[in-house]
Structure formats: C-alpha cells, structure tokens
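Q: Please take a close look at one part of this model, the place where paired copies of the chain meet, and describe how that contact is built.

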Number of protein chains: 4
Amino acid sequence: MIVVLKKNITAPEKAQLVEKLKDVGCEFQVFGDGEPIIRIYSKQPLMSRDFFLSQPGVQDVLRITPPYELARRNSAQQESIIQVGDIAIEPKHFVMIAGPCAVESEEQIHGIAQTLSRMGVRFLRGGAFKPRTSPYAFQGLEEEGLRLIRKAADQFQMKVVTEAVSSAHIPLIVEYADVLQIGTRNMQNFQLLKSAGKQKKPVLLKRGMNATIDEFLLAAEYVLQAGNSQVILCERGIRTFEKATRNTLDISAVPLIKELSHLPIFVDPSHASGKRSLILPLSRAALAAGADGLLIEVHHQAEFAKSDGPQSINFQAFDALLGSLKELAPLLGKTIL
Amino acid sequence: MIVVLKKNITAPEKAQLVEKLKDVGCEFQVFGDGEPIIRIYSKQPLMSRDFFLSQPGVQDVLRITPPYELARRNSAQQESIIQVGDIAIEPKHFVMIAGPCAVESEEQIHGIAQTLSRMGVRFLRGGAFKPRTSPYAFQGLEEEGLRLIRKAADQFQMKVVTEAVSSAHIPLIVEYADVLQIGTRNMQNFQLLKSAGKQKKPVLLKRGMNATIDEFLLAAEYVLQAGNSQVILCERGIRTFEKATRNTLDISAVPLIKELSHLPIFVDPSHASGKRSLILPLSRAALAAGADGLLIEVHHQAEFAKSDGPQSINFQAFDALLGSLKELAPLLGKTIL
Amino acid sequence: MIVVLKKNITAPEKAQLVEKLKDVGCEFQVFGDGEPIIRIYSKQPLMSRDFFLSQPGVQDVLRITPPYELARRNSAQQESIIQVGDIAIEPKHFVMIAGPCAVESEEQIHGIAQTLSRMGVRFLRGGAFKPRTSPYAFQGLEEEGLRLIRKAADQFQMKVVTEAVSSAHIPLIVEYADVLQIGTRNMQNFQLLKSAGKQKKPVLLKRGMNATIDEFLLAAEYVLQAGNSQVILCERGIRTFEKATRNTLDISAVPLIKELSHLPIFVDPSHASGKRSLILPLSRAALAAGADGLLIEVHHQAEFAKSDGPQSINFQAFDALLGSLKELAPLLGKTIL
Amino acid sequence: MIVVLKKNITAPEKAQLVEKLKDVGCEFQVFGDGEPIIRIYSKQPLMSRDFFLSQPGVQDVLRITPPYELARRNSAQQESIIQVGDIAIEPKHFVMIAGPCAVESEEQIHGIAQTLSRMGVRFLRGGAFKPRTSPYAFQGLEEEGLRLIRKAADQFQMKVVTEAVSSAHIPLIVEYADVLQIGTRNMQNFQLLKSAGKQKKPVLLKRGMNATIDEFLLAAEYVLQAGNSQVILCERGIRTFEKATRNTLDISAVPLIKELSHLPIFVDPSHASGKRSLILPLSRAALAAGADGLLIEVHHQAEFAKSDGPQSINFQAFDALLGSLKELAPLLGKTIL
C-alpha cells in the first residue's frame, strides 16, 4: 500500500502518524523529508484503506496488491477445476446449466429435466426459495420444490443447482443440491457467504447487480476463507442507466476475471438481458469472450412461467442455441457439456 | 394495469391471450378491435408485469397504480408517527441518531453516549454485527457489542439503534435494541425483512445502494405486510459513476418519498458522502429538503475508529452541526430532537 | 401514445385537456367515463411526452411506437447497406476499421497504413482533431493530420475514417475523409449531426457514453432526417459504476439495435475496455453477438502513442486477432473485410 | 504523480522506462531497487496518466495533485467573484436565474420578465437555440429568440442568460447575452469551450450529465486556459439507474466543488428533478448545502410550454419559493439576489 500525505501536513501530524503506524504493528518506510509518500509493507488484506484515510494529514491511499488473497491468480497459477460428481468445470469445458426460474410442480420440473437431459444438459437449475422484489409475488415451493427438483434430476442423472437465500436454509438445501447458488441480491449477505464456506458443496456465486469486480472477488474470498475452495463465479448483468435491457451484461468482466482470478466464470444471459430474443447472441458472446459456462432459463411454456417468463426460452430455442454453441466451441478450445 | 399489444398480434394470439386472462381470474376490458390496449382491473399488487410481458403478442405493460399497497400514501392520508418509547418520530420533529459505526469497547461507547446525551441526542447508534466488504475487516463484537451499547444507552436514557444482518440474529437483537436497523446490503434480504416484520420493534430500513425508490418501498412493504407498521426509511446514497464521494446522496428521494408514502424518511450523510467535510452541508440540505431526521457517525477519536473513520466526525464537529440545524429547523416547521 | 389520467382528475381538468388536444390538432379517443386512458393517434414523432406530462390531471404517458421514424426497422425490412467506394458494409461482411488513436506524423501513419493494408484491412482510422478531457493533452495535428492520413490511405488503397468535432470543420474533413466519424462526446451535438446529415459521406456515429439506445437512434435520426441515409452506428461502452474497465461494453446493444433498426452496428472494444488485454476476447464477443464490424486502435509502438496508449494493440496482437476472427466468421455467416 | 511498477517488471523493462522518462524530459526519482515506485515531479497537468500506463512494466499511476491548475483552489485562496454589470456573483449572495426553458414569443418572454423583475429577479434565462433529443421537437426561435429576450430584459433592467450550442453561434449570442450558457450535452464540446474562453462575457457551465467532478473542472479549465476567468459552474443532476426523477441531483457536488475550486457553483433543480413538485425542497437544499445560486424554469402557463413543461413552475410557486429562500438565507450567511 502507498500512503500519500497532504502537501500541508504538519511535522507533528507526520510524527503522530508514524507513531500510530508503529502502534498498530505496521511495517513501513518513509521516503525522505520532502516526499509525500509512505510505503506500507504489512500483509495488505488485513489492513483497510479506511484506517489510513482517517488519519490527519493523509490525502490518499493506493493499494498495489489486490485485497483478496485466496481468490486472486498468481502469475504462474493454473485455473481451478471444480469437480461436481463426474463432471469437471474447467477451462476446456463450456458447461450448460439450464432449467426454469422456479420449480412450479412435479410435472413441470420432470418434463423440463427429461427434455434437457435428452439434449445432453447435465446441470438442472430451478429455484425453491425465490427472492422476489414484491411480497405479493410467487415465493417458491420451498422444501417441496427441493424435493421435486432432486427427484427429477436423479431420474435423468442430472446435477441440481439451486439457490439458498438464508444461512438458515443451508443445511436443508445441501441435502438436496449438488451446487449451492448464491443470488445477486445476496452477494454481500456475509452470513450466507460464511455459511456457504463452511459446507462442502460447490458454490455458484452470482455477481451483485451493483458490485464492482473487486467486491465480487471479495465476496468469493469470504467463501474461500471459510474453507470452501469450490467457487464458481457468475456474471449476470449490472445495473446501469440503460433500461432497454433488464440489466447490462458486463461481458468484459469475463476476460478480466480470467486475468485476476483462478476461479471459473459463468454468464447468465437470461437475467442480464431480460429478453428472450437476446439469449442466443449473448450466449455466443459469452463463449467467445472466454466464459466457462452458461446459466439459462428454459421453460416448457415460457408464457405460463410463474416468474421470469419474458426472459425464458422454450426447448426449441434452447436446442438451436446448443447447436450454435457446439459449432463455435472447438474454435475456442472448448467442449460443450 | 394497461397491456399494450404488438401491432402485428394475430387473431389467434389475441384470442389465446383473452382466454388466459380469464383462466387466471383476471378482470379486464378489451378496447375495440383495432385498439392495441387491454385494461386490467384486478388488484394490481397481486399481478406482475412479467406475467403479461411473457405472453405472445404483448409489447408492453404500464402500471397505473404503485405496486406497494401498504407503504403508499393515499391522497388524504396523514404521515405515520413512529413511537419509540417517549419519543415520536413525526413530521414536526427532526430526530438525530448518532454514534459510532461500530461498538468497539465499553469505554468507547460509554464515552460517546455520555457526550451525545449531554448534547441532547436521544438515539444512540452503533453496530455489533458489521457487514464488511472484506472478510479480513473488523466484523464487530457481536453479542458483547449489543450488551455494551444497551448498557451505555440505559445509563444516559438513550434509545438503541443497531443493525441485524441475518434473520437468525433477530431474537437476540430485539432483546437489546429499541430500533432494528436493516442495512443497505440487506434491503433485499427478504428473509430478514419478513422476520423484521414479525417482531414488534420499529425498523429503520436503509435504501439499497442500487435500489430504485419503487424497490425501496416494496422492501418496506415486506415488513408492513408481515405485520409491523413501524417502518422508518433512510436514504443513504446510491451507487453511480461518480467516485469523488463514496456514494451519491439522492436528496430528491426525500421529497419524492414524502409524496409517495406515509412513512418517515431519514438521511445518512455519513455513508452517502464518505467524507467528514461534507457532513455539515449535507445535513443542512437533508433538513431543508424535508427529511425527518439524520443518522450520523460520530466517534470520539475518528482517526482511531475501527471502521468508517474517514466519514466519522468528532464531538466538536457534531456540536457545530447541531447548532446549525437548531437555527434552521424552526423555519422548516421542525424541532430538533 | 397512451395518456394515463390521474385518479383524481376533475371534470373541468378533463374537459380542459380535451379542449387543448383539439387546439393542437391532435387526433385522439377518450375511453369511457371511468377509464383513465386517452389514446393519441397523431403521428407520434411530432408529439413529445413532455407536452402531455405537463397538462394538469395527467399521470403518465406511454409511447407505443418508437420516437424515431427513419432509423427504425419495419417488420419486413432489410438491413441497410452502406457503400464506401467498392466496399459494402452489409450483413454478410464483418468490417475492420483500424489505426492509431491520433495521426502523429507522416512516418507513423504511413507505417501503420502499410502494415494494416498488408494484413487486408481496408479502412484506416486516425484522428486529426482530438476531443481531449484536458486542455493540456495533445489536441491533434488538425488539417496537417488530415492530409497525412489521406496520403497514407491513398498509397495503400485504403479508406479514411476520421472524426469531426465541430460543424465548422465538416467541409474540410469531407475533403479528406471517406467516412466521417462523430465521437461519443458529440453524439448529442445536434448542430454537428445536422451538418453531417447535409453532406454526402457516410457517417460513423458513436454512442454517447451516457446515451440510452433510444437516444442513440434519435441521434441517428438527426442525420437521416437531414438527408443522409448512410449512417453506421458504433457501440463503444457506456459509463457505469464499474471502474475496472474504462467503460462498460454494452454488448446487448448489438443484437437489440439489430432488432430495432436497419442500420449497421459496429463495436469499438478499445474505448469500451481501455485495456489491451481485453481487445481480443471482446472482439470475438462482438462478432459472436452479431456486430457488423470493429473499430480498433492499433499503433506500431503503443507505448509511445500520444494518446490512448494503454488500449492500443501492436501489429502482432492485431494479426492474432484477425486470425481468430477469420476462423469464427464463417460460422456466423460473415466474411471478414 | 506516483508510478507503480508491476511486481514482475524485468530489469530491461525498467531500464527502458527510465530511458524513456529522460527522453520526454521528465524529472523523476526511482526509489530503491526493490521498491515498485517512481515519483514524477514534472508539472503534472502536462503529463497524462495514459502515457505512463501504456509503458511495459507499469501497473498503476496515482495523481497527487489535481489535473486542473487554474480551476483549483489553493489553500489560502478566496472564492472568485464574477461581476455581471452591477451584480456580483459572490459567496455572500444567492443569485436567482429564472425564466422559461425556451423563448417562445414576444408576449411570453415579456410577460415572464415583467413578473420576475417585480419579484426582484435580476437574471432572465431563456433558450433561443435548443438542444433537443429528437429532431422533431421545437428547436428554438434562434436569432429572433435572442432579440426578444434581450428586449424583454432591457425593459426590466434584467441580465440575459442564454445558451450557445455551437462555437459558430458565439459571436451572435455574445451580442445579445450577458452570460453565455454552455449546456450539459456540450460540457465536453471542446471547440465550444475554447471559443467561450476567447470572448469576454461570463460563462455559465453546466455539468455534463455523465461527467465526474474532475471532468467538470477540466471543462472549466478549458475556458479559463483560453483566457476567460469568469466561469460559473452549475450542477444539474447526473444520470443514474434511478428513473423516478429525470436525473439525480448530486447535492454533494456543491460543497465538494467549494473545497476543490474557487469558482461559484449554482444548482438547477428543474433539470435535476424534472418534476414541479420537487423544485421547492431541492432549492432549499441547494441553499442549505452552500450553493451560490439557482437556475429555475418558470413559465406563465407551464402546461402550454413548448419544452420542459413538466418541470416548469408558475409564478405563484416561484413566489412561494423565493419567500422560503429569503427566510433561510440569512442563517446561511447569504442574501437572495
């Protein structure tokens, strides 16, 4: 960390600052008398910029190493491989996670699982606990939903990806799920992150719709630091002034996260755009930008979906999407799973 | 709600849509053959725009009444009064809630409570469970922190405002707090909102840093709908492209929420700006814009604060602030409490 | 347009509104007594929402056709083909526009033109008038720059794309350029748009970094309406809270504009990301999302560039980029030009 | 400026960097062998961060003095006083600039000037050249509009504030106006800024709706650097995700600009909010936050205004606003002019 002093810092202020740095056990070097720089050597993740910024005479603070230690990629490091049963999420694969926004009934989830598995999809998504903006909206089937999606997935040898919205639900969800999803509104629900870090199942962590990439990786750091190294990141659109799409897919986040971190990064074009007609081009773009997989809302009758209907695609559209991705993938060094 | 049909909707699509509206028990009126409008009369909070948007042939949907029923203000309605012990949060008052970001020690919180109470402040804030962006940052004293702030407040006849970050903590926090705070990162933690709605203490709900005003009032609706009518709203800055301040204080939200809702609205200039030097002018602006109170971070030694140091003000600055507000308040029909 | 009336509109207000609509020559229909809807049939581009919103008793106004008449795509319409000499910008092509941020010297632009033309690039970009945030930054070689880029382009049979920053410069630029570029900061410089519409060269219009897609298409409408039908749109990133990249590339804008408009849409990954290492993945993503071409900053010695160095790539990186795009293009129905 | 080197910078890269710094005539100091810091002493406004960021081996660059030299406030510096005829825009005044969005007719501007001048308003605003999002919207009366507003102002001893949208119009506008306004869409129209800097009339510069405060002050720097020291800044709302108001008034910009610059700062609550009902509370907030004046849209018949009707207030509302501000101003050390 580099601490920049104010031009008009007084000698007593500077002396007091140096004293305080010693008090807190900080290793540092002051550069000359006239130089407005102090270099801090202490292990940075443990020091906050705020501590320095609140000292009298300090003008600015520049981090020179990232604030996340476990999530970051060291120069020579390989990308992490997340193993879900017999399926590996790794650089040479492009993994499809598909299914309805919410589990609505046995018939619904069974039908969707059957069709998707026939198309070769190995991961079935579907929410049982739904975070909804309005208290009057459908809130999910809760435990019954978990039971139904597990049953459907088992019948077709699929893996279950489903969302936990509270740390209290984690033991229950872990019983049914193969991958625990943490949604955009919970990316900074730190209790939930800690709990997800203490259980053993892989965690799919969606980016907060207002989170910077640094904050996103710090959220992953919570899970990693609590003991769970199996984190899958997912870009799902950020909130901007543009309302023609539900969110703005930050496609640059994909290659940037590849540089900064060793964790796999997925894309969710359904929530990013909120529009059926954009799912195909955005899915292709995600593959082309280097993503490791997709999270897609598929519904057998999108116009009857209890939630997220406008952004769900039907089987036919999903099949076309798969076909297109299968053509492109080899040129990008990927196999569609 | 007004449903706008696509110009090129086919007759079968229109017939199918009408059928579906009947099926779901919707009251509606179709306007003429050529008119691309269907008017929906059903109780709107129970219908989502998404349902209509996902139907084939539908182009757009316009809500004509707000999606929140309990939080909204009817034309003739008075503003709500929230009673906290002997103190009323109501239009003729301007209520100061002050204290440190986090409870750090008995000495710290006792000293702050003593000084603030001498200045006439009746509400003491201080976090025991801290939501922190980094897992390496100070996470709060937890139950010990609750005990200490309660003790300090009792000694000086103050009310305690403290944050709950998980529904699991609510029973514990309710034991110690007079007002339960829900922070910006939890504004859409719906489990927490529901739990806060089921207990009896007033709830101070901070606006999500990326929440629209509609979403903010829908979050309040979760608490109200669960049975707790004592909700205090708090504008604390939204996230924008501007990084010269920590967030962008949306001062317009104050008078706008006064129009839309009967709930009181506070302002938190500390988190909004992240800069000590802006607290005074922003506090005056909040009062001038019609807010019902302030939430301010005050620390006896801001440069030693374990969190939020750069935006905390010391006693002297807080005293000057109070003095200025007391001059202005009568001209705005308010008494400082 | 659909005008929604306030619930509590008075009978005189409603009568007055109806009178005013007649006065301004508006065709409309009032739906029943209790219905809060008036349908406006007048040619919408000529009526503004503001007119209706400022009438007493009006709550909201919903446009049901887009506000741009010439830029929009009618259902059966083909995409526009923009002919630049012997080269057609059209759906089956993916056109590369490459070159330095600014023309710096004869040697520089000649060398870059030579290498790019050998690689098959037909469009040479380079600024002579540079819009710079700071008055102390390099402002461009002005007319001398235009002369140099024209000379270099002619020598290698390339087309010149260069920016106009003021309507006063248009006659001069038109003399030297094949395509007139309008930059992001001038997307709503309406004098410039009108002037660009009155000359005959194709116009490459970059999206304002804070412009909605509607505003972008309305800016194109200014050029079209002034008589120039040859408009090429270019998405170049929008400004959001995320600062890890210079801007946020709105990749969804590409397929969305394809739906809404018949105009070609390019992508500028250099300005969108501001980072050399992201140019390759974002270029692939643009192609995969359906864009019609790219605008890329290439410099023979990026570390010596007088502007935009961090986002410029060198010849080797550009060559690799071209190679990758040439592999992918056929699968997307495109030929690289 | 502080240049931070990459951890893995090679010795040749470092040597090459040092060589290049010498070549460009930069004064600098390298700190030790292991230290990843180079301190640059050259006059910073003349060096761009980009130059350093594009060098191999450079990780980051931190400015330690602002990039604007003339607009910034030195520690002991007084605030600038802008004299417009007999009226001084200075810290002890709070100056009202009022009038319609656009000059529409002689009768309109005469009537408005008459009433406003009776209320004590000394500055009359009104646009003759209107920057409009749609080419189909009213574009202003152009020179005739200038003539009419000048005539009305002269009759009532008022000053004219009107907008220039192109440097080509400046000679014309300067003939009629007392203060030249540069609008939000032109804040980075650098040709216009330079031209405004070369004439003698004070310039009212509105913040770009997507401009950071640094960019805003750099835009002012363009005018100052071209020779005109009379710049009045105006915060008018920035574009954010929140659409309940037309823009988001960045009230914090007011005290922050007071810290950073010696230039006066006004607020335009009309464009910031886009809603009549918010003008009063936001005007009070602007005064309370330390602004030097207001720009307000007033129309004798807001519902007939040819532009910006929804945000214009009528005489009665403006009178009430003035009354309220006159009560508050003395407590804030200001006199309303």
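A: In this predicted model, 100% of the interface residues of chain D are also interface residues in chain C, so these two copies meet through the same surface.

As for the extent of the contact, 47 residues of chain D and 47 residues of chain C take part. Together the two chains bury an area of about 4100 Å², and carbon and sulfur atoms give 52% of this area. Two salt bridges are counted between chain D and chain C. One of them joins the side chains of Glu215(D) and Arg239(C), with N and O 2.7 Å apart. Polar contacts across the interface of chain D and chain C amount to 18 residue pairs, with both residues at pLDDT 80 or more.

On the side of chain D that touches chain C, at least two residues each are supplied by the helices α1 (11–23), α2 (49–53), α6 (190–198) and α7 (213–225) of chain D. The largest share of that side comes from α7(D), which contributes five residues. Sorted by class, the side of chain D that touches chain C consists of 18 nonpolar, 17 polar and 12 charged residues.

The contact between chain B and chain A can be described in the corresponding terms. Chain B can be laid on chain A by a turn of 180 degrees and a shift of 0.0 Å along the axis, leaving an RMSD of 0.0 Å. The two copies are thus related as by a two-fold rotation axis. Within chain B, the closest approach to the rotation axis is made by Asn210(B), whose C-alpha lies at 3.0 Å from the axis. Of the interface residues of chain B, 100% are also interface residues in chain A, so here too the copies meet through the same surface.

In this contact, 47 residues of chain B face 47 residues of chain A, and the area buried between the two chains is about 4100 Å², with 52% given by carbon and sulfur atoms. The rule finds two salt bridges across the interface of chain B and chain A, and one of the salt bridges links Glu215(B) with Arg239(A), where the closest N and O atoms are 2.7 Å apart. The residues of the side of chain B that touches chain A divide into 18 nonpolar, 17 polar and 12 charged.

Chain A contains 11 helices and 15 strands, and its C-alpha atoms fill a box of roughly 75 × 45 × 40 Å along the principal axes. Of its 337 residues, 66% count as buried. Among contacts in chain A between residues at least 6 apart in sequence, 68% join residues at least 24 apart.

One local feature of the backbone deserves a separate remark. Most residues other than glycine have a negative phi. Glu142(C), although not a glycine, has a positive phi of about 55 degrees, and its place is in the loop between β8 (123–125) and α4 (143–155) of chain C. With a relative accessibility of 38%, Glu142(C) counts as partly exposed, since that class lies between the limits of 20% and 50%. In chain D, Glu142(D) likewise has a positive phi, near 55 degrees, and is placed in the loop between β8 (123–125) and α4 (143–155) of chain D. Glu142(D), at 38% relative accessibility, also counts as partly exposed.

Technical notes
Residues numbered from 1 in each chain as written. Chains lettered and ligands numbered in written order. Predicted model: local features only at pLDDT ≥ 70, side-chain atom pairs only at ≥ 80, totals over all residues. Heavy atoms only, no water. Least-squares fit on C-alpha atoms with pLDDT ≥ 70 in both. Contact = heavy atoms within 4.5 Å. Helix = DSSP H or I, 4+ residues; strand = E, 2+ residues; numbered from the N terminus. Buried < 20%, exposed > 50% of the residue type's maximum accessible area, 1.4 Å probe, protein only. Buried area = accessible area lost by both parts, 1.4 Å probe. Salt bridge = Lys/Arg side-chain N within 4 Å of Asp/Glu carboxyl O. Polar contact = N/O pair within 3.5 Å; in protein donor to acceptor, adjacent residues only side chain to side chain. Nonpolar A, V, L, I, M, F, W, Y, C, P; charged D, E, K, R; others polar.
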